[in-house]
Amino acid sequence: MKKLLFTFILIFLMIFAAACSSGGGEEANGSGDGTWTPEKPIEIVAPGGAGGGWDTTARMAAKVFEEAGIIEQDIGVVNKPGGGGAVGWAYITEKNNPHNIFVNSPPILLVPLNGQSEYGHEDFTPIANVIADYGAFAVKADAKWDNLNELFEDMKKDPSSITVVGASSPGSMDHIQFVKIAKAAGVDITKIKYVSDQDGGALTSLLNGSVDVYSTGIAETVEQVKAGKIRVLGITAPERLEGETLSEFPTAKEQGIDATFVNWRGFFGPPNMDEAALKFYEEKFKELSESEEFADIRSKFGWADMYMNSQEYTEFLDKEKKEIKSLLDELGLGK
């Protein structure tokens, strides 16, 4: 009888242990069928300040996810500015949870390449890219240049006589987008005079005549163009954009300069994100990208559709990194 009772207890303990093991797997990966759904609110990290491109993209994505019913779980956006994005990347690494994802763009390639961060895109899980934004090169309304070719001709003669300002650090977004177009136009990029104003004074510097050219995002120029204070000599898009005012901005390509620069923006998960969680987000971002609600937002902000799934995004990032590294090395800014 005791032997029978012992056998029964042993079998019960084995079944209980198996159940506990199964439960642990479900907590990590979702349900036992290999799917995953968020069990608590999702946090989207914008690794920059409020009102910037990362912040706006994250908040617009969260808005559509909730209002269109694409994701049922609550979604919050938090700002983790600092280090060109590095503070936010460190935060995601520390959390290492599929409920914490983040938005990014070329700085996740640029910042580590110029030695300002230990984290790069390889340290995270690319989920999906969703939009493309583009750069603009603006001058004062009464500047002597009417187009990019006139500007670059003067820069070929004496690159250091013309000062370019941007809101990003040397070797980062505003600098590199200008350098890439100028190089294609035949300017000696090692002699370009670029100054960084990360405190919000770049436009003021242009308007008061302290600098000659403002390298920035297209959206940052629209209101000043409407007010008649600045002119956009060229943008980095492959073709003209649609919309009031935006359609007036000529591309570098139509001016005979065979180069573009895309400020792609997409979303990443923590390192080694579980495949089931990655699949969940990948499908949701595709649904977001194809929604009418997000199409309206793209139109409002002058963003282009540029959806890439995880594999496409990873391959794209690897290629972009090689091109950017080449530019940084030429400028002597590579680590």
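Begin by selecting Gly52, Gly53, Ala167, Ser168 and Asp174, which are the residues that lie nearest the centre of the largest pocket, out of a lining of 45 residues; keep in mind throughout that the model on the screen is predicted.

If your viewer can draw the pocket as a surface, the volume to have in mind is about 1200 Å³. Colouring the lining residues by class then divides them into 23 polar, 15 nonpolar and seven charged.

Next, move to the second largest pocket by selecting Leu241, Glu242, Leu246, Ser299 and Gly302, which lie nearest its centre and belong to a lining of 21 residues. Here the elements to display are α8 (222–226) and α10 (292–301), each of which gives two or more residues to the lining of the second largest pocket. Of these, highlight α10, from which the largest share of that lining comes, at four residues. The space in the second largest pocket amounts to about 440 Å³.

Finally, apply the class colouring to this lining as well: in the second largest pocket the residues divide into 10 nonpolar, eight charged and three polar, and this division can be set on the screen beside the 15 nonpolar, 23 polar and seven charged residues that line the largest pocket.

Terms used: Residues numbered from 1 in each chain as written. Predicted model: local features only at pLDDT ≥ 70, side-chain atom pairs only at ≥ 80, totals over all residues. Heavy atoms only, no water. 1 Å grid on protein atoms, 1.4 Å probe; cavity = no way out; pocket = protein on both sides within 12 Å on 5 of 7 lines; lining within 4 Å. Points joined across faces, edges and corners; volume = space filled by probe spheres on them. Nonpolar A, V, L, I, M, F, W, Y, C, P; charged D, E, K, R; others polar.
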